[in-house]
Amino acid sequence: MALFGKKDNSREEGRGGPLSKRGSAALAKAGAPLTIGGLEEKLLKMFPASQAEEWDRTGLLVGERGLAVTGVAVALDPTVEAIREAAAMGANVLLTHHPAYLAAPDQFSPEPSVALSPGAGVWEAVRSRVALMNFHTALDVSPQAAQMLPNMLGLSFTGTFAEPLPGEKKLGYGQICELRPADKGTDLAHFAARATAVFKRQPRVWGAPDAKVSRVVTATGSLGPVGRAALAAGCDCIVCGEVRYHDALDLSRAGVAIVELGHDVSELGLAAVLAEACQKAGVPEEAITVLNQAENWWLPENIRL
């Protein structure tokens, strides 16, 4: 399984690339071929649509359920570029965290971005014969996703959530974590530096650098109501993807530090979670590739003018 690796340009020569050959052979050995619909069914058991937000899209959005899976590309976002890359490597499924759309597109045309045509991704998926499948908020609240940020940051997840799902204790948003014994007494400056080392990106930090960190809430993507829930839970630090300015201002003044990673930075690791789930669903490891989407934006170096 390739994880955030450099793009292999040799795969762009056509849909009969290396992954197509390996994936088809590996999938055929398992007996009855795994279909796109079969893959969706197995992943829905791991990430049930009933646990997703009611406004969300879950599962297969574009594609033919009866077709055999030839390979799976996994990514955070189903961009037109990602769809083309999946097709070039012989994968006929693009499995993502974010959905291709929430509101159904009202225009479809061959454009490089949905900013130019809302249905550009759907157009490219149909043209390239790549099924689009996603698990968004159903993945966010899953036990598999709950371990991702705590493990990456060396935190001990307590098993409790700042904002649990109604009627659930083991599912929810905002993992409440403790620093491990060896890290007791760590201040915010050093904790934020750890995030920089782990994610290779500088976060935006709210709070006094010398403030002590002990009880941390981790939240991928947008913080939203998890911020106030973390305050109510007695946490002194939040690690999240992004936070609204006034929410960050209010929380930091209430003594809750915030390490803001960037929405995509906080969620890129979920692609690996989806890839592992895909393998458990019956897709051979060699037929799964995680696309590199870590270079969407950059920080300018300090320049003296």
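**Strand β2 and its partners**

I started with the pairing of β2 (residues 72-75) and β3 (residues 93-96), which is parallel over 4 bridges. Strands count as paired if DSSP finds at least two bridges between them. Helices (H or I, at least four residues) and strands (E, at least two) are DSSP runs, numbered from the N terminus. This is a predicted model, where local features need pLDDT of at least 70, side-chain atom pairs count only at pLDDT 80 or more, and totals for chains, interfaces and linings use all residues. Residues are numbered from 1 along each chain as its sequence is written, and side-chain values use heavy atoms, with hydrogens and water left out.

Ala 75 sits opposite Thr 96 in β3. Between β2 and β3 the chain passes through helix α3 (residues 80-88), and this β-α-β crossover is right-handed. The term means that, with the strands pointing away from the viewer, the path from the first strand over the helix to the second runs clockwise.

I then checked β11 (residues 288-290). β11 pairs with β2 in the parallel sense, over 3 bridges. Val 74 stands opposite Val 290.

Buried means under 20% relative accessible area, exposed over 50%, partly exposed in between (1.4 Å probe, protein chains only). In a regular strand the side chains alternate between the two faces of the sheet.

**Ala 88**

I picked Ala 88 in helix α3. Its relative accessible area is 12%, so Ala 88 is buried. Ser 128 lies 40 residues from Ala 88 in sequence, yet the C-alpha to C-alpha distance is 8.9 Å.

**The five-stranded sheet**

I traced the strand order as β1-β4-β3-β2-β11, an open sheet of 5 strands with mixed pairing. The edge strands are β1 (59-62) and β11, each pairing on one side only. Neighbouring strands are turned by 25° against each other on average, direction ignored. Axes here are lines fitted to C-alpha atoms, for helices over the stretch in contact, and angles run from 0 to 180 degrees between N-to-C directions.

I also checked β3 against β4 (residues 131-134): they run parallel, joined by 4 bridges. Leu 95 stands opposite Met 133 there.

**Helix α2**

Which strands does helix α2 (residues 36-46) touch? I found β1, β2, β3 and β4, with the α2 direction at about 5° to that of β4. Contact means heavy atoms within 4.5 Å.

α2 also packs against helix α12 (residues 269-280), at about 120° with axes 10 Å apart. That angle makes α2 oblique to α12. Under 35 degrees counts as roughly parallel, over 145 as roughly antiparallel, 65 to 115 as roughly perpendicular and the rest as oblique. I listed the contact residues: Leu 39, Leu 43 and Met 46 from α2, with Ala 277, Cys 278 and Lys 280 from α12.

**Strand β10**

I finished at β10 (residues 257-260), whose faces are both covered. Ala 257 and Val 259 are buried on one side, Ile 258 and Glu 260 on the other. β7 (residues 204-206) pairs with β10 in the antiparallel sense over 3 bridges, and Val 205 stands opposite Val 259. β9 (residues 237-242) runs parallel to β10, with 4 bridges. Cys 237 is opposite Ala 257. I noted a right-handed β-α-β unit here too, made of β9, helix α10 (residues 245-253) and β10.
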